[in-house]
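This report describes selected local features of one protein model. The sequence and structure are shown first, and the description follows.

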Amino acid sequence: MSQITKSTCCYCGVGCGVLIEHDGTKVLNVSGDPDHPANLGRLCSKGSTLHLTGDSSARALYPELRLGKTLARSRTDWDTALDHASEQFAQVIAEHGPDSVAFYLSGQLLTEDYFAFNKLVRGLVGTNNVDSNSRLCMSSAVVGYKKALGADAPPCSYEDIEQSDCVLIIGSNMAFAHPVLFRRLEAAKAARPDMQLIVVDPRRTDTAELADIFLPIQPGTDVALCHGLLHILLWEGWIDRAFIETHTEGFDALKTLVRDYTPELVAEICGIKASDLHNVARLIGSTPSFLSLWCMGLNQSSCGTDKVGALINLHLATGQIGKPGSGPFSLTGQPNAMGGRETGTMASILPGHRDPKNAEHRAEVARFWGVDSLPENPGLTAIDLFQAIKDGKIKALWIACTNPAQSLPNQTLIHEALAACPFVVVQEAFTTSETVPYADLLLPAASWSEKEGSVTNSERRISHVRAAVPAPGEARPDWAIAVDFAKRLEQRLRANQPSLFPFQHAEEIFLEHAALTAGRDLDLSGLNYTVLDSQGPQQWPFPQGAAQGTARLYQDRQFATDNGKAKFMASAYEPTVERRDARYELSLMTGRLRDQWHGMTRTGTCARLFSHTEEAVLSLNPRELSRRNLSDGQLVSVKSRRGSLILPVKADDSLQMAQAFLPMHWGGRYLKALGINTLTLGDYDPYSQQPELKHSAITVKPVELPWTLYALVEGDVQNRLTRLRELADGCDYVSLSLVGRDTPAVVMRAAHTSAPDKATLAAIDEVLGLDEGPVMAYDDPRQSVGKRVKLEDGRITALRLAGESAAREWLKALYLEGETDDSLRRWLLAPLSAPPGGNKVASKVVCNCVNVNEDAIKAAIGAGADLDGLKQNLGCGTQCGSCVPELKRLINQGQASQLATAL
Ligand SMILES: Nc1nc2c(c(=O)[nH]1)N[C@H]1C(S)=C(S)[C@@H](COP(=O)(O)OP(=O)(O)OC[C@H]3O[C@@H](n4cnc5c(=O)[nH]c(N)nc54)[C@H](O)[C@@H]3O)O[C@H]1N2
Ligand SMILES: Nc1nc2c(c(=O)[nH]1)N[C@H]1C(S)=C(S)[C@@H](COP(=O)(O)OP(=O)(O)OC[C@H]3O[C@@H](n4cnc5c(=O)[nH]c(N)nc54)[C@H](O)[C@@H]3O)O[C@H]1N2
Ligand code: SF4
Ligand SMILES: [Mo]
């Protein structure tokens, strides 16, 4: 009998409600919750495939302990695991003080998890060394909001997107990263075509495709852009003087600063037309309501706080805040980055939006918790933390729900730090994360659909997250692990005192958190699970006695600052830390793909989610390729000041000259070396300590790796991924991915200067199952080319092509078709390996739900289909809608090329 449990999607900060269909033990399906105000029933390509992810063979099932750095970890029980951890931590604290231990957490934890950890770290251990991956994500938005408006509170609601007359999307690729919200924007714009949309991004993304005006600025130049816009607004008198006078301060200094940002100068800095700058200023200056949406293009910058401040300045100068359809709205990345900020679980914040530097705030929280005091020493923020670990200052580290060995910049240093740390605890749901090998103690965590708690989405809306199925093996909810550990540590640090952690259920933690927010800007003391269950997800503030949540902040124009006035920020434009120069002549940007989530521990278990983008490729402008005599797909060495990687290049006309783009998702498990972040740099914003993940300078050189390997094998994918990755480690280029729709297969591509030894190739064949059974084999007489194909019931189930790769794509297509004919046998037994009909690269799947590829779409467009026609004829874009922006782009391209032909 199947049942339905209401919960939320565990991916992005849109915070969609999902209905989990399950049989009490296994998740069977997911659909969008029509009653959830964030998505009203919609889900994107990631949310709608949640039930296909989370391969049980990739899950951490039991605690594992290593009793010496050179030994392997072995299975243990929870009591032994947590006793050992508390003993280690207590010992380090006794010998080196509380600041010698640290906790590194995640915006994907639930609020209750976050709160429990924070109380443990600050209330019990007595250090501020608790930070999270939100440092890489939302930190600049937090500081920008606090500086300008007095509190870390996004003032807007999703409804504002529907109500606005003019929306500016800056540094956000919503079409990929917040798809369901983008659906709402598309629908609003279709319903009200007068709504104006401006997109600012160095790349012409699918988001930009919807824009009325697109400003392809040079990376890192957003502050100059905003100052240039304000310059014009001032010059033209398109500002709200009364608002500025009554509700703000600091305008004079800003006015003086932006005087220098003339349209001509700004156009030159940003690499855009001055006329476009004027057009955008006119829109902002004349619109009845102005909303801006931003994400990592602003935050992940060495001047991220200034970027956020410069954007908020535009709202304050025009009085476009605190009313429907307007305001500066930061899109949060992770599903519960907001919860981490509310519970104060970062080095620079305390519970209830309090400040660890403020003695009164510390005393309030200490009193509430019944401890003597809260620690005063500043805590280490992520980048400094890992430097301190490497320097030997941190002796015990606890990592939960984040994968620093993939996601932090400058990975070489991160791996050195993790290897050097005497005691590392990793609390993880999947054993496949790049951080797990460094765990001295691995603690298996319950994950999506298995745990209860709450999350807050981008619009301050709190949802009750419910468990549908039991966690596998001995995995436990994160808060329960933190609380169990804390109780054991209490025995060692403050024995015979009442426990600070009397929590039996998640809701008890929620209630303590809610009570600690009373009287603060985010006051959510009126909420509990019963209210959330009866009234549905609610937006804070929701104080005791409130009947409903708060859709919009600052409607009374009283800001959360000391004197109620908002503050303009007057910071000059600063360029990116690394500039392009003769040695590193390209700007590398990194970011998201539509169908992958971060380090891919979850999405990387679903073959379908690789069909939109199969492997990590370095995208460059087509002219940049031809200038360098590079061809599409060719392998190059990509080098930054910190390291290098070998990757294929791809022509991509969404990029400008001298720019390059890499998806952030590939770490050392799927790619040779330490993944994408081998290249990026740890330099950060001075106020938010958020690193400049969006920009590093690189150089690209062709490489000659004549020996290539292509392997594909169906089934047992996690085990095979791991073993193939290890066996191919001697090759200069290795890339792994999955392919298929129902039964996933592992695909490996590798390349090297010469063939590996025979034993290695034989070991690879063994992993592929090509050492026995119905295998057809051919080795050319000089042994340079070797082909192996395993056929079962007329279907290919494994193959390996070594020495060259001419038939690679053809073989994959044969595998996917599931049928073979005599051409396979003829190809196999011929010394030359070129496939019949050529080696056509398989067309990428654009619509994942209905499985429609680009070739089919282009053919239909060629035959005259518009969007409705595509939907009707091919079915693409009719389900989750994540591919609609791309369909529109293909239609526009098709029309442009038809026009060009006609002319
Ligand atoms: N599919 C998918 N969705 C996700 C995630 C995921 O992993 N996969 N992760 C979630 C998380 S945690 C986050 S933080 C969000 C991130 O969401 P986004 O920030 O929207 O995504 P990114 O691709 O990281 O970067 C956004 C854009 O910033 C642009 N950019 C780069 N440099 C600059 C610049 O100097 N100025 C401006 N204006 N733009 C610039 C890039 O070209 C890119 O298009 O996505 C969330 N949603
Ligand atoms: N180059 C580059 N690097 C980037 C970025 C970029 O744009 N460019 N973006 C940065 C940003 S914005 C972010 S947010 C970070 C994200 O970086 P990470 O936080 O490292 O990303 P994830 O892969 O989501 O890591 C979450 C981990 O938690 C595990 N997990 C899943 N569910 C649970 C659970 O319920 N409990 C526990 N304990 N574990 C669980 C997953 O298996 C996974 O290993 O990456 C940053 N890194
Ligand atoms: S937009 Fe997609 S990834 Fe984000 S919460 Fe909704 S369904 Fe999940
Ligand atoms: Mo993020």
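In this predicted model, strands β28 and β29 form a hairpin with five residues between them. One residue of the turn, G740, has a positive phi of about 125°. The two strands run antiparallel and are joined by seven bridges; in one of these, Y733 has A751 of β29 as its bridge partner.

Strand β28 (733–739) is largely enclosed by the rest of the structure, because seven of its seven residues are buried. In a regular strand, side chains alternate between the two faces of the sheet. In β28, Y733, S735, S737 and V739 point one way, while V734, L736 and L738 point the other way. Both sets are buried.

Helix α25 spans residues 808–817, and seven of its 10 residues are buried, so the helix is largely enclosed by the rest of the structure. The buried residues are R808, E809, W810, L811, K812, L814 and Y815. After the helix comes G818, which has a positive phi near 80°.

**Two helix pairs**

Two packed helices are described by the angle between their axes and the distance between the axes. The table gives these values for two pairs in the model.

| Helix pair | Angle between axes | Distance between axes |
|---|---|---|
| α1 (78–96) and α19 (478–493) | about 50° | 9 Å |
| α27 (854–862) and α29 (884–902) | about 50° | 10 Å |

Helices α1 and α19 are therefore oblique to each other, and their crossing is right-handed. On the α1 side, the contact is made by W78, D79, L82, D83, A85, S86, E87, F89, A90 and I93. Helix α19 contributes I481, D484, F485, R488, L489, R492 and L493. By residue class, the contact of α1 with α19 comprises 10 nonpolar, one polar and six charged residues.

For the second pair, α27 and α29 pack at an angle of about 50°, which makes α27 oblique to α29. The crossing of α27 and α29 is right-handed. Helix α27 contributes E854, I857, K858, I861 and G862 to the contact, and helix α29 contributes E886, L887, L890, I891, G894 and Q898. The residues of the contact between α27 and α29 divide into five nonpolar, three polar and three charged.

**The sheet of β1, β2 and β3**

Three strands form an open sheet in the order β1-β2-β3, with antiparallel pairing. Strands β1 (3–8) and β3 (27–32) are the edge strands, each pairing on one side only. From one strand to the next, the twist averages 30°. Strand β2, residues 17–22, pairs with β3 in the antiparallel sense over five bridges. One bridge links E21 with its partner N29 in β3.

**Backbone exceptions in loops**

Most residues other than glycine have a negative phi, and most peptide bonds are trans.

H353 has a phi near 55°, a positive value in a residue other than glycine. This histidine is found in the loop between α14 (337–342) and α15 (359–369). Is H353 buried or exposed? With a relative accessible area of 12%, H353 is buried, because the cut-off for a buried residue is under 20%.

R460 is not a glycine, yet has a positive phi of about 65°. R460 lies in the loop between β17 (453–456) and β18 (461–465). The relative accessibility of R460 is 0%, so R460 counts as buried.

Which peptide bond is cis, with omega near 0°? The bond in question runs from W540 to P541. P541 is placed in the loop between β19 (538–539) and β20 (566–567).

Notes. Residues numbered from 1 in each chain as written. Chains lettered and ligands numbered in written order. Predicted model: local features only at pLDDT ≥ 70, side-chain atom pairs only at ≥ 80, totals over all residues. Heavy atoms only, no water. Pairing = 2+ DSSP bridges. Helix = DSSP H or I, 4+ residues; strand = E, 2+ residues; numbered from the N terminus. Axes fitted to C-alpha atoms, helices over the stretch in contact; angles between N-to-C directions. Buried < 20%, exposed > 50% of the residue type's maximum accessible area, 1.4 Å probe, protein only. Parallel < 35°, antiparallel > 145°, perpendicular 65-115°, else oblique. Left-handed = near helix turned anticlockwise from the far one by under 90°. Contact = heavy atoms within 4.5 Å. Nonpolar A, V, L, I, M, F, W, Y, C, P; charged D, E, K, R; others polar.
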